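Q: Please take a close look at the helix packing in this model. How do the paired helices lie against each other, and which residues make the contacts?

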Amino acid sequence: MRALAIALISRPASGTGAGCPLVLGLSSRYAQKRNRSPPRVKNLSPSVTFILGGAASGKSKFAENLCFKSAKSKSYIATSQVFDDEMKAKVAAHLRQRGTDWTTYEEPLEAATLLHQLPGDHICLLDCATMWLTNHLLAEHDLAAAQAKLLDAIKACPAELVIVSNEVGLGIVPENALARRFREAQGRLNIALAASADTVVQVTAGLPLVLKGQL
């Protein structure tokens with residue numbers, strides 16, 4: 001027996017049955033309108049894509065390619081610090097790879113401040129969260145406070161974001177206390193970044209695996 005939708009509306013005052021409930025079948029347009037699910041609310045805030053991978057996994061190249069596909073103006077927040085020729089050469093290679101269409105900000109510590117200032121019509125690549133965390137760790141800053149500030153800035157950022165980070169928890173337990181502390185802090189940061197992102201992608205050997213959302 002088909003269920004009936006009951007609409008508690010009153011009949012006109014004149015005539016038989018005034019004030020009695022009116023029973024409507026499911027095929028009634030009025031009943032369908034009343035029972036229709038409320039419209040879905042779309043998230044209109046800029047998207048956040050989190051790219052995770054091991055060292056030399058191709059994660060940065062993949063993240064750059066996502067930005068290249070966008071028609072938006074492109075910004076790059078570089079968190080690394082150049083202390084030797086090897087890092088200098090690596091930075092130069094990344095600059096050549098991106099080309100001249102990017103606005104590059106070198107900010108090893110205060111990425112959160114920059115995120116607040118980015119224009120809404122930009123897509124920004126933050127590369128990478130691991131170097132940002134390392135800089136704060138070696139400076140002996142409060143990591144929990146720095147992480148909270150960064151996450152708040154990501155939520156409030158007017159630009160679309162692509163964030164790169166390292167997966168460092170797949171190897172053996174480090175032998176020294178500083179490395180173990182870093183590994184734990186990086187794991188907590190990655191979990192928090194993944195939770196705040198709309199899309200999460202794991203890159204291994206240059207191949208993407210979507211863990212959350214869709215590309």
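**Helix packing**

A: In this predicted model, α2 crosses α3 in a right-handed sense. Helix α2 covers residues 59-68 and helix α3 residues 85-98; the angle between them is about 30°, and their axes are 11 Å apart. Angles under 35 degrees count as roughly parallel, and α2 and α3 are therefore roughly parallel to each other. On the α2 side the contact is made by Ser60, Lys61, Glu64 and Phe68, which meet His94, Gln97 and Arg98 of α3. Sorted by class, this contact of α2 with α3 holds one nonpolar, three polar and three charged residues.

The second pair is α6 with α7. Helix α6 runs over residues 143-156 and helix α7 over residues 177-196, and they pack at about 20° with axes 11 Å apart. α6 and α7 are therefore roughly parallel to each other, and their crossing is right-handed. From α6, the residues Leu143, Gln147, Leu151 and Ile154 meet Arg181, Ala185, Arg188, Leu189, Ala192, Leu193 and Ser196 of α7. By class, the contact of α6 with α7 has seven nonpolar, two polar and two charged residues.

As for covalent links, zero disulfides are found in a search of the whole structure. For cysteine 124, the closest cysteine sulfur is that of cysteine 157, at 6.5 Å, which is too far for a bond; a disulfide needs the sulfur atoms within 2.5 Å. Cysteine 124 is buried, at 0% relative accessible area. Cysteine 128 also counts as buried, with 9% relative accessibility.

Methods:
Residues are numbered from 1 along each chain as its sequence is written. This is a predicted model: local features need pLDDT of at least 70, side-chain atom pairs count only at pLDDT 80 or more; totals for chains, interfaces and linings use all residues. Side-chain values use heavy atoms; hydrogens and water are left out. Axes are lines fitted to C-alpha atoms, for helices over the stretch in contact, and angles run from 0 to 180 degrees between N-to-C directions. Helices (H or I, at least four residues) and strands (E, at least two) are DSSP runs, numbered from the N terminus. Angles under 35 degrees count as roughly parallel, over 145 as roughly antiparallel, 65 to 115 as roughly perpendicular and the rest as oblique. A crossing is left-handed if the near helix is turned anticlockwise from the far one by less than a right angle, and right-handed if clockwise. Contact means heavy atoms within 4.5 Å. Ala, Val, Leu, Ile, Met, Phe, Trp, Tyr, Cys and Pro count as nonpolar, Asp, Glu, Lys and Arg as charged, and the others, Gly among them, as polar. Buried means under 20% relative accessible area, exposed over 50%, partly exposed in between (1.4 Å probe, protein chains only).
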